[in-house]
Amino acid sequence: MGLVNQCFVFVGVLFLSTLLLCSADVHNYEFFVRETNFTKLCNSTTLLVVNGRYPGPEIRVHRGDTVFVNVHNQGNYGFTIHWHGVKQPRNPWSDGPEFITQCPIQPGTNFTYEVVLSDEIGTLWWHAHSDWTRGSVQGAFIILPAENETYPFPTPDADQTIMLQSWYNGDYKQIIDQALATGIPPRQPDAYAINGNLGDTTGCPNDTMFRMQVDFDKTYHLRIINSAMNEEKFFSIMNHSLTVVAQDASYVRRFTTDYILISPGQTMDVLVFANQNAGQYYMATRPFSDSAALPVDFITTGVFEYSNSAGGLNASLINLPARNDTNATSSFLSRIRNTRVPQNPRLNVPANSRINRRVYIAIATNNLPCNTSQCLVQNRIVASMNNVSFVFPRIDILQAYYNSNTGVFTQDFPLNPPVFYDFTGNLTLLNPGAELGTRAVMLNYGDAVEIVLQATQLGAGGSHPIHLHGFSFYRVGTGSGNFNNQTDPSTYNLVDPPLINTVHVPGRGWVALRFFANNPGVWFMHCHFERHSSWGMDTVFIVRNGTTTKTSIRPPPPNMPRCT
């Protein structure tokens, strides 16, 4: 891996104004993506993975570095890779979502991504961004402090990545392709996994359990990533407290808890002090859901194992919130606050008087007639934002926008729900239909944006993890019921709201986000429940160029994949 020294001073809203990085490096990685056989749950399954590994290789760099990843597609179908939580300033060409910022990397070809880091610090991840391929093509993206930086807490003795995953006996792409063709929802996972290990509760003797070796009186930095397909997760280590120090690559005010709640797409940095009697302690995870479409309630286990410990494990000691414990979820999320440490970006929450673009989005699942030759039902499930179910084009939107091509997308995504109704009430008599479209929200460079995401009870209802590419945003407010634009803004937290890239929208409730639109480009917003995104719970935000080269999209690289 070659390194090149560079020197940057980051300024402005998105970037640290006080951090001088005079030793930023350039890193090079090679990803070879091919089908590989795995045996779990007493079954042999062929998965598309990177470098023969599930999860894939970890990228480990420092804040402000640049990473080039040459991706070789040696598989049977096209895909792309997204660098989740990396803002990619002025560089949407390497953001990765298929048919949004690029065409897929076709079998037998390769493409080199340029991943440009700015103020991100801590834990992020990378994953495929085509159909359901991210279920097996995924890995951690660790961003260590820069050379002249320290942690805003005592330096841990060691760190460990923890990826919480969904395991299917079968090809992930085939699962969603079949579901979309037949109109039937995709099936539930066969198990959940921790770092590719299914734990000791599956009943299959060959399944392994993740073990983390620790020493007494040492502090460990856990980098927890929810890479599951459709499940929010509780996570805990028995008899040990967890100290949350960061979320989505931004430090938070430290707090101690017995468990965390982490949504698909989110990352959390957690400190654990190994201060118990020598022994083996379960780490465990289970899903959370407040939807009528409940996930399977598997408890997946790993081991927090002290050196030179003896004795067995006791499954009866596992203590996690119940699958539908909304109080545990809201209590945990309410404790996450920004922290004013020099390692964080300067707090820059758009003030009420600055907001000049408001977007109110109702998110729902809907029905439309099933019109494929393989339909097994009369009506298929779709999903929508403001009653628009997103249709992926066959030419990427970024290319069409940059080259002023017409007929690929329209610039008229509705900034409010087309019909206002009791979003969180009884909707049995409401028309469940939606419109199909590829419609974008247009923003001017520098706009101060507020987005309110409103959950609805259309379909199964429940919570949604919504991710916005190209930005971190402030979660300034949340509440239950229907958002009231006259009274609810008075409850906003504009003092220390967390800076995140993926937000939990509570079932029967709403969440408010704010950010400055100072990253020109085409940026995808979507639900990180993969089934919802596949059904159309997506949209695109396009930030127009500013008035200078430094506030405009960079030119495209010469070797962008071509659409077939």
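A pocket is an open set of grid points with protein on both sides within 12 Å along at least five of seven lines, and its lining residues have an atom within 4 Å of a point. The views below show a predicted model.

**Figure 1. The largest pocket and its lining.** The lining of the largest pocket consists of 41 residues. Those nearest the centre of the pocket are D131, L180, F392, R394 and S534. The space inside the largest pocket comes to about 980 Å³.

**Figure 2. Elements around the largest pocket.** Four elements each give at least two residues to the lining of the largest pocket: helix 1 (172-182), strand 23 (379-385), strand 24 (388-390) and helix 4 (530-535). Helix 1 provides the largest share, five residues. Sorted by class, the lining of the largest pocket has 21 nonpolar residues, 12 polar residues and eight charged residues.

**Figure 3. The second largest cavity.** The structure has four cavities of 30 Å³ or more. The second largest cavity has a volume of about 40 Å³. Strand 10 (138-144) and strand 14 (219-226) are the elements that contribute two or more residues to the lining of this second largest cavity. Among the residues that line the second largest cavity are I143, L144, H221 and R223, together with Y151, F153 and D269. By class, its lining has seven nonpolar, two polar and two charged residues.

Figure 4. Strand 5 pairs with strand 10 in the parallel sense, over four bridges. H62 has L144 of strand 10 as its bridge partner. L144 is also one of the residues lining the second largest cavity.

**Figure 5. T438 in its loop.** T438 sits in the loop between strand 25 (435-437) and strand 26 (440-443). Is T438 buried or exposed? Its relative accessible area is 14%, so T438 counts as buried, the cut-off for buried being under 20%. The side chain of T438 reaches the backbone oxygen of V391 at 2.5 Å. Leaving aside neighbours within four places in sequence, T438 is in contact with F390, V391, P393, I397, V408, F409 and T410.

Terms used
Residues are numbered from 1 along each chain as its sequence is written. This is a predicted model: local features need pLDDT of at least 70, side-chain atom pairs count only at pLDDT 80 or more; totals for chains, interfaces and linings use all residues. Side-chain values use heavy atoms; hydrogens and water are left out. On a 1 Å grid over the protein atoms alone, a cavity is a set of points where a 1.4 Å probe fits but cannot get out, and a pocket is an open set with protein on both sides within 12 Å along at least five of seven lines; lining residues have an atom within 4 Å of a point. Grid points are joined across faces, edges and corners, and a volume is the space filled by probe spheres set on the points. Ala, Val, Leu, Ile, Met, Phe, Trp, Tyr, Cys and Pro count as nonpolar, Asp, Glu, Lys and Arg as charged, and the others, Gly among them, as polar. Two strands pair if DSSP finds at least two bridges between them. Buried means under 20% relative accessible area, exposed over 50%, partly exposed in between (1.4 Å probe, protein chains only). A polar contact is a pair of N or O atoms within 3.5 Å; within protein, one must be able to donate a hydrogen and the other to accept it, and residues adjacent in sequence count only if both atoms are side-chain atoms. Contact means heavy atoms within 4.5 Å.
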